[in-house]
Amino acid sequence: MRIFLDTANIQEIRDAARMGVISGVTTNPSLVAKEGKGDLRDRVLEICSIVQGPVSVEAVSLDVEGILEEARRLSRWSPHVVVKVPITPAGLEATATLSKEGVKTNLTLCFSANQALLAALAGATYVSPFVGRLDDAGHDGMQVVADAVEILEYYELPTQLIAASIRHPLHSIAAAKAGAHVATIPYKVLMQMVQHPLTDVGIERFLADWKKVMPAPV
Ligand code: G3P
């Protein structure tokens, strides 16, 4: 499973990229708004220069023509740009056209395996089930990921599944076990995945023992 970072924050992206573990970034209108006013194109180009992998940017139009116009404009910014499109009848129609034009898409706000199948049939590059939001609503978000992966693989559909709305490290493990191609993970959760108290205790003990006999690192 590949990991994308779910943020529009440049510092978080720089820090995660330096660890060599992320291969893309996903943003959404809320994540961009959190960073305050500013030129979206500049931000997206900076993100693309840091990760040099897929960078999802959401179209905010809701009608077919609007989505198409926005998606074509966003995709001209960089070959790394993937246009996020909500799964609606208009979103699917736009995706079918964009797919023929070679514009990469990430069908977002996916809450069922049926929606994931429809996204794949329309030619989506990626589809993003929102695990945490399903869990919040009393559903089993990861089951949607598992069902959708099974369907995509059974019919050999090339759409990649991104487990999104990841809230804690156990979501990441479950997404990997369910066969998600990608999990898009907030920075905070990524750091929770890195850290373990026994790692810290282990380092402390090793260094304490080392200092008893050795004056400095070799
Ligand atoms: O980027 C889409 C998704 O990951 C949003 O997550 O936490 O707002 O449900 P969340």
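A polar contact is a pair of N or O atoms within 3.5 Å; within protein, one atom must be able to donate a hydrogen and the other to accept it, and residues adjacent in sequence count only if both atoms are side-chain atoms. The model is predicted: local features need pLDDT of at least 70, side-chain atom pairs count only at pLDDT 80 or more, and totals for chains, interfaces and linings use all residues. Residues are numbered from 1 along each chain as its sequence is written, and side-chain values use heavy atoms, with hydrogens and water left out.

**View 1. Thr 184 in strand S8 (residues 182-185).** The side chains of Thr 184 and Thr 26 make a polar contact at 2.5 Å. Thr 184 counts as buried because its relative accessibility is 2% (buried: under 20% relative accessible area, 1.4 Å probe, protein chains only). Leaving out residues up to four places away in sequence, Thr 184 touches Phe 4, Leu 5, Asp 6, Thr 26, Ile 162, Ala 163, Ala 164 and Ile 166 (contact: heavy atoms within 4.5 Å). Strands are DSSP runs of E, at least two residues long, and helices are runs of H or I, at least four; both are numbered from the N terminus.

**View 2. Strands S6, S7 and S8.** Strand S7 (residues 160-163) runs parallel to S6, and 2 bridges join them; here Val 127 stands opposite Leu 161 in S7. S7 also pairs with S8 in the parallel sense, over 2 bridges (strands pair if DSSP finds at least two bridges between them). Ile 162 has Val 182 in S8 as its bridge partner. From S7 the chain passes through helix H9 (residues 169-177) to S8, a right-handed β-α-β crossover (with the strands pointing away from the viewer, the path from the first strand over the helix to the second runs clockwise).

**View 3. Helix H6 (residues 113-122) and its buried residues.** The buried residues of H6 are Ala 113, Ala 116, Ala 119, Ala 120 and Ala 122. They pack against helix H5 (89-101), strand S5 (105-110), strand S6 (126-129) and helix H8 (141-154). Gly 123 follows H6 and has a positive phi, near 100°.

**View 4. The residues around the ligand.** These are Asp 6, Asn 28, Lys 84, Phe 130, Arg 133, Ala 164, Ser 165 and Arg 167 (a heavy atom within 4 Å). A side-chain N or O atom of Arg 133 is 2.6 Å from a ligand oxygen atom, and one of Ser 165 is 2.7 Å from a ligand oxygen atom. The protein covers 84% of the 310 Å² of accessible area that the ligand has on its own (Shrake-Rupley method, 1.4 Å probe).

Definitions and conventions
Buried < 20%, exposed > 50% of the residue type's maximum accessible area, 1.4 Å probe, protein only.
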